[in-house]
Each structure stands twice: as structure tokens, then as C-alpha cells.
Amino acid sequence: MSIRYLEKIIPGLSTSDGAGVRLRRSIGQNSTMRLDPFLMLDEFSSDQPDEYISGFPAHPHRGFETVTYMLDGHMLHEDHMGNKGHLKNGDVQWMTAGRGIIHSEMPQQDHGLMRGFQLWINLPAKEKMKPASYRDIPSAHIPVAEYSNGVKVKVIAGTLLDEAKNTIEGVITGLLTEPVYLDIHLPANQPFHYGLPEGHNAFVYVYEGSVQVGDVSSVESGQLIKKDFKSLILSHQAGVLSKGTLITLSALDQDSRLLLLAGKPLNEPIAQRGPFVMNTVEEIQQAMLDYQRGELVELR
């Protein structure tokens, strides 16, 4: 068993996408900040309608997967195949763009909080031209592990052992990248230990509070005696983890919430132009030409 530690911090960069949706981008700010197989992670969070109301009108994708996780709010997804999916509090959509999809993601609210994440995961070369598909996963169908110290873990993808040594499996399985996607709620001064596949790349994204990677020294009267600030991830930061197997995450002196994401690297070349992610420049040029000709998506 080898310990994973914090290797690098990537602060979320404030930007906008779609038709002006305000968000923070950590992984994927530029081509040097990808973490194979992950291409990008965006956090959107605002209670100001003018920062989200215009949404993401119809746009294309080819060559990768998108995972949308709604914490708060209501978003409607529609695509060129006539599919519709409503994403509400706690729901997940796992979409495989494959050969091509044209879709929109539009808010179904004109006030209140809109908060969630979109993750882009690369597809291996042999799957980039597969037919497009997606799954809408209601929050009620996502398993949750609860521990005696108050830790709660939503298992969107991957597996974990609960305190009774039962295996809890996420709703997404069978992908070549073998993704792990956990939403972890940590009470103050409580740790969570998790075993990751040694070869997976992994990172943590803290969206509430702050989280220390690695064991804390000790706790007296509910307060930590020592904090290692070199291993501390603050809110709206991504923390890239070293290689290894065991990860320990602790919330220190305030309740904290975070995503733990890991995947098997593809080790393939990446060529990207906006919403198209392929392996060569020629394939990108073909994707753009296909889109211009109305041939991006699978013919039906």
C-alpha cells in the first residue's frame, strides 16, 4: 500500500461559457492543465439569474464524454435525436458524444441558486466515433454510503467498501477509463480513507470548506493540534494527487464538501478545437467539416 499526497493545486479560474454562464474552471484551463483522461472540470454556482439564465444554447460535441452533476437548480437538456432530460437537485447526466451530438442545456428557472459541475472525460481512439448516447440518473438512484463519524459519500462512479464491508457500486460502470466519481461530505475534524487503483490519475475538487490531504496529527477537544498547510486544499481549488493507492481526506475545523475524481489514463495524443476532441489535427479538421456540412451526427 502506498500513500497518495497532494502534488499540485489548481485554483478555479473565473470565466464564462455558453451564452454567458459564469463559472470556475480548474482542470482544463489550458492544454497543460489536463489530467488524462480528464479534459476539463467546470463549477457553476450563482444565485444571480443574469449569470446563468442564457444557458448553453445548441452546440456540437465529438470524441469525449460529459458528466453534468446538478447540486441545486433545474436544467433541461435537449439533443438532435429528440431526447429531453430534466436535471434537478442531485441528478446526474452522463453523456457520450461519440461520433457527434448537437445539444442544448438551458436553465428552467428565472431566480434562485443554480449550482453544479460539468466534467469532460476523454474517449479512447477506438470509441471516438461510436454512436452518441446518454443516461439521466435521478438523485434517488445514486447510492450513498454513511459512516459512523458522519461522513457521507455519494457514489456516482466507482466502488467503495462501507463500514460493514459491503461493496457499494456507482451507477456508471463498464467504461474503459474506469472512472471514480465521489461526492464526499466531511464533518469537521473527521477523516475519510479511500483506496484508489494505483495506475489511476486522481484529483480532488473542494467546493465548500477546506480539506487536508493526508493524516492529521491528532485531535484534542474537537480541535486539530496541527495542520499541514502544504497539503491543504481551499474552496474552489483542484488538488492533483500523486500516484499511490490510499488517500486520506480530512475536513479540519469546518464541515466541507468535495469531489474525488479518478480515471485510468489513455496515454493517447490529444487534438482539441473547442467542442471537438480527437487524436490528430486531421481528425479535428474533419469534425469541423462534418459539422459545417451537417454530417457531424450519426445519420438516422
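**Exercise 1. What percentage of the 300 residues in the protein is buried?**

Before starting, note that this is a predicted model, in which local features need pLDDT of at least 70 and side-chain atom pairs count only at pLDDT 80 or more, while totals for chains, interfaces and linings use all residues. Residues are numbered from 1 along each chain as its sequence is written, and side-chain values use heavy atoms, with hydrogens and water left out.

Solution. Begin with the term: a residue is buried under 20% relative accessible area, exposed over 50%, and partly exposed in between, using a 1.4 Å probe and protein chains only. By this rule, buried residues make up 52% of the 300 residues.

**Exercise 2. Compare the radius of gyration of the protein with the value for a compact globule.**

Solution. The radius is taken over C-alpha atoms, and the globule rule is 2.2 Å times the number of residues to the power 0.38. For 300 residues the rule gives a radius near 19 Å, and because the protein has 19 Å, the two agree. As a further step, the C-alpha trace spans about 65 × 45 × 35 Å along its principal axes.

**Exercise 3. Which residues touch the most other members of the largest nonpolar core?**

Solution. A nonpolar core is a set of buried Ala, Val, Leu, Ile, Met, Phe, Trp, Tyr and Cys residues joined through side-chain atoms within 4.5 Å. The largest one has 28 residues, and Leu160 and Ile184 touch the most other members. Among the elements that give two or more residues to this core are β14 (152-157), β17 (180-186) and β19, and the largest share, 4 residues, comes from β17. A second, separate core of 27 residues includes Leu35, Leu41, Tyr181 and Leu259. In soluble globular proteins, nonpolar side chains tend to be buried together.
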